[in-house]
Amino acid sequence: MAKLTPELEKAQKEIRAVAIGQGLDFYETVFEIVTYKQLNEVAAKGGFPNRYPHWRFGMDYEQLSKSYEFGLSKIYELVINNDPCYAYLMEGNDFVDQKLVMAHVYGHCDFFKNNKWFAHTHRKMMDEMGNHAVRIRRYIDEYGVDMVEDFVDKCLSVENLVDAYSVYKKLEKPAPHHGGKESGPTLDRVQRDVLKYLLDYAPLEEWQYDVLSIVREEAYYFAPQAMTKIMNEGWASYWHAKLMTEKILHDCEIVDFADRHSGAMVMPPSGFNPYKIGIELFRNIEERWNKGQFGKEWSDCDDMAARVKWDTKAGQGREKIFQVRRDYNDVTFIDEFLTEEFCHEHKMFVYRFNKRTGQFEVDNRDFGVIKKKFLFQITNMGMPIINVVDGNFNGKGELLLTHLFEGVEMQPDYMKATMENIFAIWKKPVNIATVMEGEGRIFSWDGQDYRHQPFGDYKVDQPEVEDTEKEDT
Amino acid sequence: MSILEDHRRFREIIKGRIKQHFKKYVTQGEMIGKQEKEFVKIPVPSIEIPKFKYGPKDQGGVGQGQGQPGDAVQGQQGEGRGQAGDTSGSHMLEVDVSLEELADILGEELALPRIQPKGNKSIETVQTKYTGRSPIGPNSLRLFKQSYKEALKRQITDGTYNPEDPVVVPIKHDMRFRTFKKVTRPQANAVVIYMMDVSGSMGDEQKEIVRLESFWINTWLRRNYRGLETRFIIHDAAAKEVDEKTFFSTSESGGTLISSAYKLAKKIIEEEYPVHEWNIYPFHFSDGDNWSGEDTRVCLSLLKDFFLPNANIFGYGQVESKYGSGQFLKDLEKAFVADDRLIMSKIENRDKIMQSIKEFLGRGR
């Protein structure tokens with residue numbers, strides 16, 4: 001890793017000044033020049049050079065390296081939400097690429113600092129990750145790599161069982177290590193943060209408790225990024241395009257810039273590009289609020305001709321997009337700003353699997369259907385919502401989880417394997433109430449047998465949906 | 001770099017050396033996937049840690065693009081760009097590679113030598129190549145610019161050129177024409193003859209191995225020869241020539257006479273591929289069972305008298321099956337112990353395919 005060259009440093013200063021001039025607000029950003037190997041390594045480790053040893057980083061590294069070496073893809077930008085932000089530039093990229101990346105990175109940094117959902121992320125994560133690495137290495141020295149890594153695998157198997165939508169407030173600390181309780185309490189209200197429940201009540205050794213809390217902390221750190229993928233990329237793309245074309249580019253660089261920009265924004269023949277949806281939605285919002293296309297009068301207007309020509313010269317576009325980047329996450333963003341016109345213009349559709357032909361097919365172009373599907377896809381980061389309700393199920397200290405069923409069943413083999421992993425943590429039978437093959441069932445794994453029985457025999461209340469409330473315009 | 005340690009650990013899991021219980025989550029890097037036009041999708045091995053998640057096929061999703069309801073959606077897997085660091089990790093599981101690149105990758109991975117075609121001096125094609133210019137020639141090959149330059153030179157030296165009124169008139173003496181030469185180029189053609197035992201003992205898995213193996217052999221040979229023809233022969237007790245599709249889908253029952261296939265291959269070569277003009281690659285795959293020792297003797301003499309002297313190499317791949325005895329390989333080994341024109345390879349399972357290709361093609365012939 002190396003510092004910026006004098007040319008790049010000059011460009012960085014210029015871009016930084018321009019970004020601030022446009023109202024962007026970010027932590028100091030440290031740029032490092034890295035080789036492609038270093039970049040692949042850092043990217044494989046989620047952006048952090050120093051993390052605990054785990055094979056999955058090696059797997060990601062292999063995939064990134066292979067696809068780079070075969071010339072299939074290359075990572076342009078990599079930026080860490082931290083104070084100061086860290087961003088990596090790949091050695092040997094064109095000068096115009098580097099400038100584009102820097103402009104893009106400042107967009108991300110502004111988003112990290114100002115978006116509500118990032119408010120309580122750990123801003124010294126670079127150091128914290130290093131601490132995690134030290135702790136896990138110490139356990140490896142003490143207990144052996146196989147034992148520790150196996151346990152990490154089990155924790156990772158449940159790392160998504162956190163309450164992602166709670167990140168607007170400070171992360172709750174679990175009870176200190178205690179060596180295990182006979183059973184866990186029966187909850188009045190379901191709890192989305194299954195990891196905290198496990199830390200609070202599962203009989204773990206001290207090092208296991210520490211490993212699980214490390215995994216939980218990191219899951220909460222990464223959650224806001226997954227929750228704001230479309231917005232974050234859209235925001236950064238909006239700004240790189242604006243800063244580059246209005247202020248930074250020289251005449252001779254415009255063609256190269258256009259090539260890179262369109263490469264990033266390209267919509268694959270089918271499928272979906274968060275960069276593109278994000279940037280277009282932000283531009284759409286800015287245009288609508290500039291022209292006053294919002295509020296009751298606008299939504300009551302049925303006259304297509306009038307709608308097309310609608311322009312009250314409201315001029316509130318810029319202000320609005322800054323407010324949106326502060327207050328929204330992907331779910332509320334799409335819910336509020338994805339309009340029927342937008343869907344048509346961008347040729348969006350819903351696809352589904354056709355069992356008869358054995359392939360994915362275009363299913364529907366109806367706005368209501370698209371929006372519903374889209375929201376479903378990004379809610380809870382596309383993962384099923386799992387809650388814990390009871391740690392003393394059947395009166396025998398068994399764990400009971402519920403799956404908030406929303407019309408899509410879980411993959412059975414993965415569900416079973418995950419329950420086995422939770423069993424290894426909870427050490428008593430694990431149950432989950434879900435819908436499988438169209439029928440409510442409770443599945444149980446007691447360490448030996450995997451069984452299921454119909455749902456009706458148990459009284460498990462389906463929990464309410466929480467924390468995805470909308471904001472009114 | 002600590003990543004190398006993580007990577008080594010990952011490779012060990014993939015190879016099944018540690019963490020056996022993960023084996024079922026490994027999507028094998030089979031090195032061959034769907035073939036779409038000239039691109040091949042190569043799945044990169046990966047392991048997914050089990051989580052509570054939705055079944056992929058129930059799910060569907062939102063896309064963008066053209067298409068009426070009912071049209072197939074392409075390119076679902078894999079995002080166009082890697083953007084690690086922004087999410088906790090999206091995995092590219094398949095990579096698209098062109099066949100040409102694929103062959104290069106294969107060659108590099110297995111350290112395969114470039115093939116030295118045999119008999120490349122005896123087959124030659126003649127091509128015309130423009131090489132220079134001369135003062136005489138047909139008008140159709142006249143070089144205008146050159147001719148005017150010559151005229152200009154002449155006019156300046158004899159003082160008839162007037163810069164105020166720059167009229168340049170070439171005369172016959174100034175004319176220049178292209179000249180050409182006949183160039184002879186060696187041309188190498190190759191034919192691959194695949195023979196496969198389709199008797200009852202060869203199951204689907206065995207055929208899949210042969211299919212993968214032949215795909216790679218073709219890919220490599222095609223990189224080395226401009227014209228590559230493939231012929232397919234299946235046999236049980238009798239042999240017949242089939243097309244590629246039938247070759248991989250046929251299943252017969254009944255006995256096995258390997259000599260029937262060898263005889264047919266010999267006939268095809270003799271009738272259609274003059275041995276001094278063609279690079280010939282017969283490959284035979286079987287599970288090693290033959291009907292009788294008598295038939296094996298016929299095979300051995302065909303090999304000795306016809307195939308080995310005339311073919312570049314003769315490849316015999318023995319696929320392990322539940323029923324095959326593997327005797328044929330032993331017979332071959334006994335008869336041709338020191339003959340490097342006959343290459344024998346034992347392919348126990350899919351993981352051995354790469355090794356076996358290296359054996360077949362590693363000699364650069």
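Buried means under 20% relative accessible area, exposed over 50%, and partly exposed in between, with a 1.4 Å probe and protein chains only. The views below show a predicted model, in which local features need pLDDT of at least 70, side-chain atom pairs count only at pLDDT 80 or more, and totals for chains, interfaces and linings use all residues. Residues are numbered from 1 along each chain as its sequence is written, chains are lettered from A and ligands numbered from 1 in the order in which they are written, and side-chain values use heavy atoms, with hydrogens and water left out.

Figure 1. Helices (H or I, at least four residues) and strands (E, at least two) are DSSP runs, numbered from the N terminus. Chain A contains 18 helices and 11 strands, and buried residues make up 58% of its 473 residues. Contact means heavy atoms within 4.5 Å. Among contacts in chain A between residues at least 6 apart in sequence, 72% join residues at least 24 apart. In helix H2 (residues 36–44) of chain A, the buried residues are A:Leu39, A:Asn40, A:Glu41, A:Val42, A:Ala43 and A:Ala44. Within chain A, the buried residues of H2(A) pack against strand S1 (29–34), helix H3 (55–69), strand S2 (78–80) and strand S3 (85–90); from chain B, helix H1 (2–14) joins these partners. Just after H2(A), A:Gly46 has a positive phi of about 70 degrees.

Figure 2. A:Met415 belongs to helix H18 (residues 412–426) of chain A and is buried, with a relative accessible area of 0%. Leaving aside residues up to four places away in sequence, A:Met415 touches A:Met410, A:Ile432, A:Thr434, A:Met436, A:Phe443, A:Tyr450 and B:Phe52. The C-alpha atoms of A:Met415 and A:Ile432 are 9.3 Å apart, while 17 residues separate the two along the chain.

**Figure 3. Helices H7 and H8 of chain A.** Two packed helices are described by the angle between their axes and the distance between the axes. Axes are lines fitted to C-alpha atoms, for helices over the stretch in contact, and angles run from 0 to 180 degrees between N-to-C directions. The axes of H7(A) (residues 194–201) and H8(A) (residues 206–227) come within 10 Å and cross at roughly 160 degrees. Angles under 35 degrees count as roughly parallel, over 145 as roughly antiparallel, 65 to 115 as roughly perpendicular and the rest as oblique; H7(A) and H8(A) are therefore roughly antiparallel to each other. On the H7(A) side the contact is made by A:Leu195, A:Lys196, A:Leu198 and A:Leu199, and on the H8(A) side by A:Tyr209, A:Leu212, A:Ser213 and A:Arg216. Ala, Val, Leu, Ile, Met, Phe, Trp, Tyr, Cys and Pro count as nonpolar, Asp, Glu, Lys and Arg as charged, and the others, Gly among them, as polar. By class, this contact has 5 nonpolar, 1 polar and 2 charged residues.

**Figure 4. Helices H7 and H8 of chain B.** The axes of H7(B) (residues 258–272) and H8(B) (residues 293–310) come within 8 Å and cross at roughly 25 degrees. H7(B) and H8(B) are therefore roughly parallel to each other. Residues in the contact include B:Tyr262 and B:Ile269 of H7(B), and B:Leu302 and B:Phe306 of H8(B). By class, the contact has 10 nonpolar, 1 polar and 4 charged residues.

**Figure 5. Backbone features in loops of chain A.** Most residues other than glycine have a negative phi, and most peptide bonds are trans. The peptide bond from A:Asp83 to A:Pro84 is cis, with omega near 0 degrees, and A:Pro84 lies in the loop between S2 and S3. A:Lys313 has a positive phi, near 55 degrees. A:Lys313 is located in the loop between helix H13 (304–309) and H14 and is exposed, with a relative accessible area of 68%. A:Lys347, also not a glycine, has a positive phi of about 50 degrees. The loop holding A:Lys347 runs between helix H16 (340–345) and strand S5 (348–354), and A:Lys347 is partly exposed, with a relative accessible area of 39%.
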